[in-house]
Amino acid sequence: MKKLLLYASLINLAVAVVHIVIGEMAVVAPLLASDAPDLVQATLHAAWHMISVVLLLSSFALFRASREDGVDPDAGALPTYIGVQYIALALVFVVASVVYGQAFIQILMLLPIGILAFRAGRLARKP
């Protein structure tokens, strides 16, 4: 369980860095340079970095959970929640892929984190 959480946290941190650095240049900058109204641009920029916060905080939470001694009977609750959240986020991109007819790499970035965290959370609940 601890190794799964450590792997999930490290992959998640890498995804966070890619999201913040490359995403800002490749996705956010062109949006901010568009003719969209200021409120739309500000909202998209804020929403982008709300996800940045989720990525960074969940990286920390998964890493912290990987360091726990495992005596807490609820130790698997947070990793399970993060796992479900990331699987759901990946599914958003699956739907977007179908609707817009193009593949989104976010599926490949988010789904492994979700699966690892969910699996670790479930293992933590076994006696």
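These legends describe close-up views of one predicted model. Local features need pLDDT of at least 70 and side-chain atom pairs count only at pLDDT 80 or more, while totals for chains, interfaces and linings use all residues. Residues are numbered from 1 along each chain as its sequence is written, and side-chain values use heavy atoms, with hydrogens and water left out.

**View 1. The overall fold is built from four helices and zero strands.** Helices (H or I, at least four residues) and strands (E, at least two) are DSSP runs, numbered from the N terminus. The order of elements from the N terminus is α-α-α-α. The C-alpha trace spans about 55 × 25 × 20 Å along its principal axes. Of the 127 residues, 29% count as buried. Buried means under 20% relative accessible area, exposed over 50%, and partly exposed in between (1.4 Å probe, protein chains only).

**View 2. Seven named side chains make a nonpolar surface patch: Leu13, Val17, Val18, Val21, Ile22, Met25 and Leu56.** The patch covers about 590 Å². Patch residues have over 30% relative accessible area and no salt bridge; nonpolar side chains (Val, Leu, Ile, Met, Phe, Trp, Tyr) are joined within 5 Å, like charges within 9 Å. Areas come from the Shrake-Rupley method with a 1.4 Å probe. Helix H1 (residues 2-32) gives the largest share, six residues. Valine 17 sits in helix H1. Its relative accessible area is 45%, so valine 17 is partly exposed.

**View 3. Arg119, Arg122, Arg125 and Lys126 form a positive surface patch.** Lys and Arg count as positive, Asp and Glu as negative; His and the chain ends are not counted. Each charge is placed at NZ of Lys, CZ of Arg, CG of Asp or CD of Glu. Arginine 125 belongs to helix H4 (residues 106-125). With a relative accessible area of 45%, arginine 125 is partly exposed.

**View 4. Phenylalanine 93 and phenylalanine 104 form a tilted aromatic pair.** A search of the whole structure finds one such pair. The ring centres lie 5.7 Å apart, with 50 degrees between the planes. Phenylalanine 93 is in helix H3 (residues 77-100), and phenylalanine 104 is in the loop between H3 and H4, eleven residues apart. Rings of Phe, Tyr and Trp (its six-membered ring) pair if their centres lie within 6.5 Å; planes under 30 degrees apart are stacked, over 60 edge-to-face, the rest tilted. Phenylalanine 93 is partly exposed, at 23% relative accessible area.

**View 5. Arginine 64 and glutamate 68 meet in a salt bridge.** The N to O distance is 3.5 Å. A salt bridge is a side-chain nitrogen of Lys or Arg within 4 Å of a carboxyl oxygen of Asp or Glu. The count comes to one. Arginine 64 is partly exposed at 49%, and glutamate 68 is partly exposed at 36%.
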